[in-house]
Amino acid sequence: MAVTSIITQSVQSALLALYGLEADARDFQINQTKPEFEGDYSVVVFALVKKLRKSPDGLATELGDYLVSSQPSLFSAYNVIKGFLNLTIADSYWALVLTPDPRYGALPRRGERVMVEYSSPNTNKPLHLGHLRNNFLGRSIANILDACGYDVFTTCIANDRGIHICKSMIAWQMFAEGATPESTGTKGDHFVGDYYVLFGDLLKSQVASLVAEGVPAADAEKEAPIMKAAQQMLVDWEAGKPEVMALWSRMNSWVYEGFDQTYKVIGTTFDKVYYESETYLLGREMVDEGLRKGVFFQKDDGSVWIDLTADGLDQKIVRRRDGTSVYITQDIGLADLKYKEFDCNQSIYVVGDEQNYHFKVLKLICEKLGIPGASGLYHLSYGMVELPTGRMKTREGTVVDADNIITEMVDLARSKTLELGKVDDFTVSERESLFSVLGLGALKFFLLRVDPRKKMLFNPEESIDLHGFTATFVQYVHARIKSVLRREAFAGAVAPADALPLLPLEKELLVALEQFPSIVSNAGVEHDPSLVAGYAFRLGQIFNSFYAAHSIGSAESSGKRTLRLALAQMTGNVLAFAMGLLGIEVPERM
């Protein structure tokens, strides 16, 4: 149990014993004591003053006297400053925090199931930098929720149909002359993506020509020959024309092979992949059901809508007048299917913030239709990753390709590591493995250290700074700890009584370690990996201060040596576990 929970229970017991008051935990606050005051945690009792007819200082003093006298093994001292009760936790309690458990921070199993849907790429182009933020968020949230005790299932919806797919297909038909990824030595998703860009280039040229001929700009794109060809291909796909289906299947297979290579490098895995081509008809029957229930209404032209004005939104179409579904209809059906297949208490969609409205509407519709699990639908909205020149646009060829940025980061890790000259005794394979761990770690940490809801600007050089808010810094602290443990041949031991009293930095490190389970829990509740990233960085800073101030191998007593080695071991374990939640490896040496 976290020390804050223990303090809460102790204060509740004291209020009952002293005043007969059965207090709720919300009747007072517990915060870490500010650094300029003595103590570890402060109890804020102002909300109880009027109810108990006590002055703030008087109430705080009476509580402090009771707590220290009744629980000396927990509270060693207190002081009162302007109504704040500052409690000092006994050193003997902090020493009990020490554990060699490599999974310290993981919470008990809850028996609840959670689904995380992430990645969800289009099959007409390779993954880009924005996809990497999505993949890293999805994978880390799945890891964090697993550590919080949930049974987690990861899924992906492959957007493998539609006009965007046909654009790549028609461009390949027109220009490829039978070329394949194998014949050109090109990774499959890049190969198909090149034809998507080629389509965009030709479309732009044709539109410009039509406009020059006097066609209104609003109509020129629709009238462009290559766009008409793509639209016809979409009609042929929906009709199941054999040669179109064969080309569609072939080109998608190239893309999937490319995706799988990237996924393997970045550590992305799924328990199940859904394909839009197999799910886009889902939800049609639910529209009819919604009409019968009065959830939807039909307009004179035959189209079907839902009125969400009472919910602060507007009217939303769910079926066109020609009877075809819209995108949200498919999502309604897929939400129902996923619940039937996995029976999850919560279903998380990791999707960019440009879809905020869509997911508000989706949840409301599912709730009004009475779909099981609708209340557990959650949109993990995140801000876009932007370039110094602005937002990425694939059709213009200005996208930051995921594979390229991964290669760039590994190369950057290689050059910076070799500059330091500390891997001369590594084998070639050990070096290359280290460069990959450092490069990928820097990329993941940089994209995860920011609150998901915020937009961000990617800076490769900043992401790999050994002394900055980076994975590289945390990885270096971990490697330093492992070096100490190897040198001292520490296999683990309980700190003896003569290790006390704790020195300030020893205590600060223990206090930080004790907070880790709460950090994991909060990250799960908030769906925010940046809480874990920030904690790992702060813990690394505290350890560095501790290591600089106190000798471990030549400690002033055998008790202190054992204590500090146990502190180092636990810090190393926590850093490794925390970084693992972010999908980041930590090296034993660097």
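Modeller: On a 1 Å grid over the protein atoms alone, a pocket is an open set of points with protein on both sides within 12 Å along at least five of seven lines, while a cavity is a set where a 1.4 Å probe fits but cannot get out; lining residues have an atom within 4 Å of a point. Grid points are joined across faces, edges and corners, and a volume is the space filled by probe spheres set on the points. This is a predicted model, in which local features need pLDDT of at least 70 and side-chain atom pairs count only at pLDDT 80 or more, while totals for chains, interfaces and linings use all residues. Residues are numbered from 1 along each chain as its sequence is written, and side-chain values use heavy atoms, with hydrogens and water left out.

Colleague: What volume does the largest pocket have, and which residues lie nearest its centre?

Modeller: The largest pocket has a volume of about 1,300 Å³. Its lining holds 45 residues, with Ser120, Asn122, Asn159, Tyr327 and Gln355 nearest the centre. Helix 5 (129-147), helix 14 (327-342), strand 11 (346-352) and helix 15 (356-369) are the elements that give two or more residues to this lining. Helices (H or I, at least four residues) and strands (E, at least two) are DSSP runs, numbered from the N terminus. Helix 14 has the largest share, six residues.

Colleague: How do the lining residues of the largest pocket divide by class?

Modeller: Ala, Val, Leu, Ile, Met, Phe, Trp, Tyr, Cys and Pro count as nonpolar, Asp, Glu, Lys and Arg as charged, and the others, Gly among them, as polar. On that basis the lining of the largest pocket has 16 nonpolar, 17 polar and 12 charged residues.

Colleague: Which residues lie nearest the centre of the second largest pocket?

Modeller: They are Gln32, Thr33, Asp40, Glu508 and Val511, from a lining of 20 residues. Two or more lining residues come from each of helix 20 (504-514) and helix 22 (530-549), and helix 20 gives the most, five. The volume of the second largest pocket is about 510 Å³. Nine nonpolar, five polar and six charged residues make up the lining.

Colleague: Is His164 buried or exposed?

Modeller: Buried means under 20% relative accessible area, exposed over 50%, and partly exposed in between (1.4 Å probe, protein chains only). His164 counts as buried because its relative accessible area is 19%. His164 is in helix 6, and its C-alpha atom is 9.8 Å from that of Gln231, 67 residues apart along the chain. Phe175 also lies in helix 6 (residues 163-175), but with 37% relative accessible area Phe175 is partly exposed.
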